[in-house]
Amino acid sequence: MSQWWSRRDSGNITYGELWPEDPEFSSMVHPHWHSFRPPDPIHNYLAGAYIGIIGLTGVFENLLVIVLFTLDPVLRTPTNLLILNLAVSDLIFSAVNGFPLKTLAAFNQRWPWGRQGNYIPEGFHTSCTFDYLSTDWGNVLFNAGMYIFGFLMPVLMLVLSYWKIVLKSRRSKLNLFNLSRSEAREDSSGVICVTSRNGLDGALVKAKTT
């Protein structure tokens, strides 16, 4: 064991040999990572500190947005409701995923929360993601479902929604343009005339007074 610690301190050890005292975690590590050497621990500590600061800042700022929206009726507009939605989503992400999960994992130098479903450690092994390396049918179907229902369908819905917004905006702009053409206008001679929607000048309704 002392020889193992000496190799670990010198950096001459791979992920496949890194955690002999924790066979449960070692079993979670995909063989793909066994030949890679772990980073210097200082990198994990810096990442943990950075994520902790960002996470706490995100929690405070998003809570502030939610409180202001709740207390001030003037801010309760449809546009600000979208901002509130983003604030709630970001608050949940900051308070759960970024901090404390990722922060504690970085200071622990490995993912300490066990294996859930088809998720495994990756990279520095302080984060957990879906298993995109295994090729068994169950894992392939899981990844396909994640791609279709978690990425492709939401993107298509966003594209369709924004396209409808663009069409609605163009129709509104065209209606305003037609409305402005149908209103009374005064020409350079001071004669007021009415322009119909089809662009043809209508009858004179009033002559310039002297």
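Which element gives the most to the lining of the second largest pocket? I checked, and H4 does, with five residues. Helices (H or I, at least four residues) and strands (E, at least two) are DSSP runs here, numbered from the N terminus.

A note on what I am reading: this is a predicted model, where local features need pLDDT of at least 70, side-chain atom pairs count only at pLDDT 80 or more, and totals for chains, interfaces and linings use all residues. Residues are numbered from 1 along each chain as its sequence is written, and side-chain values use heavy atoms, with hydrogens and water left out.

**Entry 1: the pocket.** I found about 180 Å³ of space in the second largest pocket. For the record, a pocket is an open set of points on a 1 Å grid over the protein atoms alone, where a 1.4 Å probe fits, with protein on both sides within 12 Å along at least five of seven lines; lining residues have an atom within 4 Å of a point. The volume is the space filled by probe spheres set on the points, which are joined across faces, edges and corners. Among the lining residues I listed Ile51, Phe93, Trp111, Tyr119 and Cys128. Helix H4 (78–108) and S2 each supply at least two of the lining residues.

**Entry 2: Trp111.** I followed Trp111 from the pocket lining into the largest nonpolar core, which has ten residues, including Phe25, Met28 and Ala105. Such a core is a set of buried Ala, Val, Leu, Ile, Met, Phe, Trp, Tyr and Cys residues joined through side-chain atoms within 4.5 Å. Apart from it I noted another core, of five residues, among them Ile66, Phe69, Leu84 and Ala87.

**Entry 3: His125.** Where does His125 lie? I found His125 in the loop between strand S1 (119–122) and strand S2 (127–130). His125 is buried, with a relative accessible area of 1%; buried means under 20% (1.4 Å probe, protein chains only). Leaving out residues up to four places away in sequence, His125 touches Tyr15, Phe25, Val29, Trp33, Arg110 and Trp111, a contact being heavy atoms within 4.5 Å. I also saw the His125 side chain reach the backbone oxygen of Gly123 at 2.9 Å.

**Entry 4: the whole chain.** I counted five helices and five strands in the chain. From the N terminus on, I read the elements as α-α-α-α-β-β-α-β-β-β. Buried residues make up 22% of the 210 residues.

Terms used
Buried < 20%, exposed > 50% of the residue type's maximum accessible area, 1.4 Å probe, protein only. Polar contact = N/O pair within 3.5 Å; in protein donor to acceptor, adjacent residues only side chain to side chain.
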